[in-house]
Amino acid sequence: MTDTVVDARITELAAEITRLREQVAGAQRLAQRAEDRGQVENLFNRYMYLHNAFQDEQIIPLWVKEGTEGIRARYTNAGQYTTWESVTRYHRDRPTPPGKLILHATTTPVIEVAGDGQTAKGVWLMAGTESGLTDPKVAETFPDMYSPDEVLGQKVWAHWVWCKYAIDFLKQDGEWKFWKFRCYELARAPFEENWVSFGLKNQGAFDLDLMYFGDDGKPVFMPPADEPVPTTNHPYSPETAQKLEPVPPVAHDHFTDTFA
């Protein structure tokens with residue numbers, strides 16, 4: 001075998017090794033992205049299980065560390081929260097009153113991990129039920145949301161509810177965390193009423209800072225917001241057309257703030 005043939009063979013082998021290394025590196029990147037996507041989906045699913053069980057103190061560690069730049073949460077048109085303290089205040093001391101039920105089931109996730117592996121974006125749809133008992137005197141404040149009959153001497157509120165979520169995640173110390181969180185209420189309706197007629201008279205509710213109904217069904221209001229919302233969102237109305245919001249994320253290399 002001549003030196004020329006040997007040199008050519010060495011060149012071929014070197015090229016083959018380079019190609020195999022690139023294939024392995026590509027497979028590793030795909031595997032890591034799939035692992036990251038799975039961890040992001042598990043994080044949100046864990047949040048929802050804890051939220052349904054009123055275990056909000058366990059949700060706080062799922063957020064980015066205190067002092068992380070860019071943290072944000074938004075639930076209504078009453079304002080948004082932009083500090084770790086104000087964001088996590090939403091989860092502190094959330095009561096578990098007797099008779100209260102929240103069952104939110106999320107579906108249809110679209111999750112994209114950024115090419116740099118440091119951030120991820122996800123959107124979800126949610127369909128659920130919410131219910132509880134309220135002192136009749138307290139119920140007079142929100143008369144349209146209650147069922148006609150009483151249970152255990154209290155007014156009953158039992159609602160269907162549909163929402164959308166748009167969330168940005170940040171990887172910190174090798175773990176995925178909530179970074180920017182937005183909930184859009186799409187529609188709700190009392191058990192005895194359809195969402196079309198209720199939607200027509202419920203438009204103003206999303207502008208209020210009502211957070212949930214606590215002990216004895218008394219309303220608990222959102223903490224003071226850090227800043228106003230840049231744009232308003234309103235739930236379904238028979239007088240408006242639906243729009244694509246939030247826009248599902250697409251493949252991207254680095255974070256851009258698409259859910260603001």
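The model is predicted: local features need pLDDT of at least 70, side-chain atom pairs count only at pLDDT 80 or more, and totals for chains, interfaces and linings use all residues. Residues are numbered from 1 along each chain as its sequence is written, and side-chain values use heavy atoms, with hydrogens and water left out. Helices (H or I, at least four residues) and strands (E, at least two) are DSSP runs, numbered from the N terminus.

**Nonpolar core**

- The largest nonpolar core has 33 residues. Such a core is a set of buried Ala, Val, Leu, Ile, Met, Phe, Trp, Tyr and Cys residues joined through side-chain atoms within 4.5 Å.
- Phe44, Tyr165, Phe169, Phe178 and Phe181 touch the most other members of the largest core. Two or more residues each come from helix H1 (3-52) and from strands E1 (72-76), E3 (101-113), E4 (119-134), E6 (154-172) and E7 (175-190).
- Phe169 has contacts (heavy atoms within 4.5 Å) that include Val40, Leu43, Thr119, Trp124, Trp176 and Phe178, leaving aside neighbours within four places in sequence.
- Thr119 lies in strand E4. At 6% relative accessibility, Thr119 is buried. Buried means under 20% relative accessible area, exposed over 50%, and partly exposed in between (1.4 Å probe, protein chains only).
- Not counting residues up to four places away in sequence, Thr119 touches Val113, Ala114, Phe169, Leu170, Trp176, Trp179 and Phe255.

**Helix H1**

- H1 has 50 residues and spans 73 Å from its first C-alpha to its last. That is close to the 74 Å expected at 1.5 Å a residue, where the expected span is 1.5 Å times one less than the number of residues.
- The buried residues of H1 are Gly26, Asp36, Val40, Leu43, Phe44, Tyr47, Met48, Leu50, His51 and Asn52. Their cover includes E3, E4, E6 and E7.
- Just after H1, Phe54 takes a positive phi of about 60°.

**Salt bridges**

- The whole structure holds 14 salt bridges. Each is a side-chain nitrogen of Lys or Arg within 4 Å of a carboxyl oxygen of Asp or Glu.
- Arg89 pairs with Glu85, with the closest N and O atoms 2.3 Å apart. Both residues lie in helix H2 (residues 84-89), four residues apart, about one turn of the helix.
- Arg89 is partly exposed at 28% relative accessible area. Glu85 is also partly exposed, at 34%.
- A network of salt bridges links Glu85, Arg89 and Arg92.
- Glu193 and Lys201 form a salt bridge at 3.3 Å, N to O. Lys201 is partly exposed, with a relative accessible area of 45%.
- Lys243 and Glu245 form a salt bridge at 3.5 Å, N to O. Lys243 counts as exposed at 57% relative accessibility.

**Cavity**

- A cavity is a set of points, on a 1 Å grid over the protein atoms alone, where a 1.4 Å probe fits but cannot get out; lining residues have an atom within 4 Å of a point. Grid points are joined across faces, edges and corners, and a volume is the space filled by probe spheres set on the points.
- There is one cavity of 30 Å³ or more. The largest cavity holds about 60 Å³ of space.
- The lining of the largest cavity is Arg72, Arg74, Gln80, Ala166, Asp168, Lys180, Phe181, Arg182, Phe259 and Ala260. E1, E6 and E7 each give two or more residues to this lining. The largest share, three residues, comes from E7.

Notes. 1 Å grid on protein atoms, 1.4 Å probe; cavity = no way out; pocket = protein on both sides within 12 Å on 5 of 7 lines; lining within 4 Å.
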